[in-house]
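User: I would like to learn how to read contacts in a protein–RNA model. Can we go through them feature by feature?

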Amino acid sequence: MKKRKAGIAIMTRMDERYNFRESERKWQTYWAKENAFVAESNPDKPKCYVLEMFPYPSGRIHMGHVRNYTLGDVIARFRRAQGFNVLHPMGWDAFGLPAENAAIQNGVHPAKWTRENIQTMKAQFDPLGLSIDWSREIATCEPDYYRHEQKMFLDFLKAGLAYRKTSMVNWDPVEHTVLANEQVIDGKGWRSGAPVERRELAQWFLKITAYADDLLAALDTLTDWPDRVRIMQHNWIGRSEGARVSFDLVGRDDKLEVFTTRPDTLFGAAFCAISMNHPLAKELAENDPALRDFITSCNAVGTSEAAIETAEKMGYLTPFKAHHPFDSAWELPVYIANFVLMEYGTGAIFGCPAHDQRDMDFARKYGLPVTAVVAPKDSDVSAFATALAAGTEAFTGDGVAIHSDFMNGLAVTEAKRAAIARLEAEHRGTGTVQFRLRDWGVSRQRYWGCPIPIIHCPHCGAVPVPDDQLPVTLPEDVGFDLPGNPLERHPTWKHVACPQCGKPAVRETDTFDTFFESSWYFARFCDPKNTATAFDRAAVDYWLPVDQYIGGIEHAVLHLLYSRFFTRAMETCGYLSVKEPFKGLFTQGMVCHETYRAQSGAWLYPAEVEKRTDGAIEIANAQPVTLGRSEKMSKSKKNTVDPGHIIETYGADAARLFMLSDSPPDRDLEWTDSGIDGAWRYIQRLWRLAAQPAVPFADGGEATEGAFEGSAKDTMTLAHRTISAVTDDLAKLRFNTAVAKLRELSNQLAVTKSQDKGAAAGYRFGLETLVRLIAPMTPHIAEEIWMALGHTTPLVASSWPEADPAWLVVDTVTLAVQVNGKLRGTLEAAVGAEAKALEAMALALPAVQSALGERTPKKIIVVPNKIVNIVG
RNA sequence: GCCCGCUUGAUGGAAUCGGUAGACAUAACGGACUUAAAAUCCGUAGCCCUUUGGGCGUGGGGGUUCGAGUCCCCCAGCGGGCACCA
């Protein structure tokens, strides 16, 4: 860095107060004019792809966005200063339900609503001063984006990664539409209030299960992901080893195939249970009205797993009996049970009440026997079995097999192996691996999404739309006055000639799940204008994977798992050469705010409330207000703060700084007035450190070692330590501690005494260091001060500071001295001092002697440079 | 119901590898400046006890260790996800 003498004249030009309005606009204009953040592939430079989860264009940005994009911006600016070729793009996740809801409620067309929202939100992002390459902006609702995913889908289809089958949906019998789980409230449609039914529908699926093993195994390679996200995905994929077992049915030729993870407990079987969607159940239901009623009542709970799991466990006894696979004389009753899912395993189970809690509950409800077949090692077997048979708690722990014929005495693992070996020998079953993960259903019976490029022909079946007829464009001449999907009743759009036989056929009217768009947008950003293909191979080879991906923890499983799958599917189909899209992942916390309620019980906006020392009142009528706990900012609770208003009042730098201060980024952040005030005051203080410095530093000269004494030396030391510590913190996304360390450096600058030797040079070095280090967080004021200090190259084009190792050397340390683990004093010693010497120094401390009293030390633990613990 | 987290002064948090708990802030209180207020600057402060000294203290209970906010077990409260919200 070139040193430049700043005359005092320059300093006096600085106004007493920092004018953020003028300065922020000035720098934003400058960055835009210089195309400062436009990225270009450059194989000679190390790249860094920083990406925040792209927003849904809801119409207004909220504080959660401000937090998300500020976090990403700090990393992008930091890496840029470190010399990386940074890609930091932005786009819009523009398909989805809210647009259709707006259309139904307000009569606005989803396309108009979405496009206008994008314009509004883009304008709201501008004043934040984000280092985004807007030249790469994409919106997923535009044909030039979704045409490529139609092609991808057809490639997946060719590769055997897409197929069609039936599955369950939530059906609203009044609106005649499929409802999202979110739209099912207490089993009823959110708008109609009618009880929701489960219905079967033919849908398209992507074969994510083809990659189940790889998706699971590769989690170990994602070392820059939070452990908890990896654990959640691990559990979601849910690999379990077990067996498929064939039960012969009494008096029938077909068999009942069940999946179990506990073949070792087969001798404890009390019943079999099948899903109500099992072919056997459907067969019975044809002639059994009572069973139909049972199925109808079970279907009333909807499709969400939470609803199914929390619903009361119920069974319907069928006339079927199943022969036990190891003893054909033993017959088990067969139930139809509401907790057996057709989607998992074979849609049928056998129940062992003694060793599975759900089976135990079921057995108690329907009076089935409970036979213990596993007992804890070294337990009194008969007493254990008797207690279990009489109780209501299943035993699911490890132990040895009992009452189990050929397995007796074997530990659980060995017994499983023995049971599978016997089943395989007798052709009654096989050992198998089952995943909890199900194939991804991508069909949605909605208008505002990407059309699925398929034509249904009565003669040829489902025919892919030929390449030269892509894209299948979503027609915009539709209305929302009638219930159901407008594509279904469009007069012309869906009627086409079959590409194969030329006879009349109809288009698929379902659209893709919006997770489809978000599963590859990160790749599109590498080459967003490409019209021929989804993206150029060289571009993705250079930019992918995303080095740092940032978003909410709520996407820990679905979006992230789908993107991992999609990347593999794209790799299989020759689109790119990486398997993992996101090298680094960071999950940010939510932005929360206190909640307020008026006397009437209505929620109040923070702006409607005045807080006083003795409580809070409603400004409009001076009535007392009930303060509620802090919750995620939401429109429904009205505990929101408008980012635009905050930026106008305090400036983008203050808003950004507050987002980064105090709360660790992965935890929830509580928005408070005092917090944003504090950030604003710090911005002003930073300005004063330059404009009204404690040390007149204009003639400071070079900052060389040995020329500093007293506070000036302290300032130099702290400045170098801060470079080292903040660099480390930013690399690890510990922005809150980085801010704390920058405040410490500010405090040190303020106490630098001008009479100390080297004060001017030390102060200047400290101030310049502070400004350079804070630039990624508060870029506008940093640039403003930097230029006022006489520099000619703006910080956006400057390199990151480096600490001089000579200033980082530490020669003495303070050690804690404990007696029996309790702190009794401290001592100063040279770094690396001998343990013996430290022992002697510690024992000589008066506090140690009085704490020790008459006792003699039994043992002394010395941890060099850290602690001396005397055990007496 | 199942899976995953979180819990530290009045408040947000720090303590990164098991080694001085409370960095840095916010709120509060005291002082300086001011006719006054704001702003700013300086100072005080975990809790309890009678101190100069001592005891207690990281949601609760137990354990491992010379030493636990940190590791293990149990419990409670709060939050995220559960496949068609994004």
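Analyst: We will take the ground rules, then salt bridges, one tyrosine, the cores and the RNA surface.

User: What are the ground rules?

Analyst: This is a predicted model: local features need pLDDT of at least 70, side-chain atom pairs count only at pLDDT 80 or more, and totals for chains, interfaces and linings use all residues. Residues are numbered from 1 along each chain as its sequence is written, chains are lettered from A and ligands numbered from 1 in the order in which they are written, and side-chain values use heavy atoms, with hydrogens and water left out.

User: How do I read a salt bridge, and how many salt bridges does the whole structure hold?

Analyst: Side chains of opposite charge can pair when their charged atoms come close. The criterion is a side-chain nitrogen of Lys or Arg within 4 Å of a carboxyl oxygen of Asp or Glu. A search of the whole structure gives 45. One of them joins Glu200 to Lys282, at 3.1 Å from N to O. Glu200 is in strand β9 (residues 197-206) and Lys282 in helix α9 (residues 279-285), so this pair ties together parts 82 residues apart in sequence. Helices (H or I, at least four residues) and strands (E, at least two) are DSSP runs, numbered from the N terminus.

User: Which residue forms a salt bridge with Asp155?

Analyst: Lys151 does, with the closest N and O atoms 3.2 Å apart. Both sit in helix α6 (residues 143-158); they are four residues apart, so about one helical turn separates them. Asp155 is buried at 13% relative accessible area, while Lys151 is partly exposed at 27%. Buried means under 20% relative accessible area, exposed over 50%, and partly exposed in between (1.4 Å probe, protein chains only).

User: Where is Tyr575 placed, and is Tyr575 buried or exposed?

Analyst: Tyr575 lies in the loop between α18 (558-572) and β27 (585-588). Its relative accessibility is 14%, which means it counts as buried. Its side chain makes a polar contact with the side chain of Asp155, at 2.6 Å. A polar contact is a pair of N or O atoms within 3.5 Å; within protein, one must be able to donate a hydrogen and the other to accept it, and residues adjacent in sequence count only if both atoms are side-chain atoms. Beyond four places in sequence, the contacts of Tyr575 (heavy atoms within 4.5 Å) include Lys151, Met152 and Phe535.

User: Which residues touch the most other members of the largest nonpolar core?

Analyst: A nonpolar core is a set of buried Ala, Val, Leu, Ile, Met, Phe, Trp, Tyr and Cys residues joined through side-chain atoms within 4.5 Å. The largest has 175 residues; Tyr49, Phe153 and Phe535 are among those touching the most other members. A second, separate core of 61 residues includes Leu291 and Phe326.

User: Which residues come nearest to RNA strand B?

Analyst: Near means that a residue has a heavy atom within 4 Å of the strand. There are 68 residues around RNA strand B, and Asp93, Ala180, Arg446, Arg629 and Asn869 come nearest. Sugar and phosphate make up 62% of the RNA atoms that come within 4 Å of the protein. Phosphate oxygens lie 3.0 Å from a side-chain N or O atom of Arg667 and 2.9 Å from one of Asn747.

User: Which helix gives the largest share of the surface near RNA strand B?

Analyst: Helix α23 (residues 735-750) does, with seven residues.
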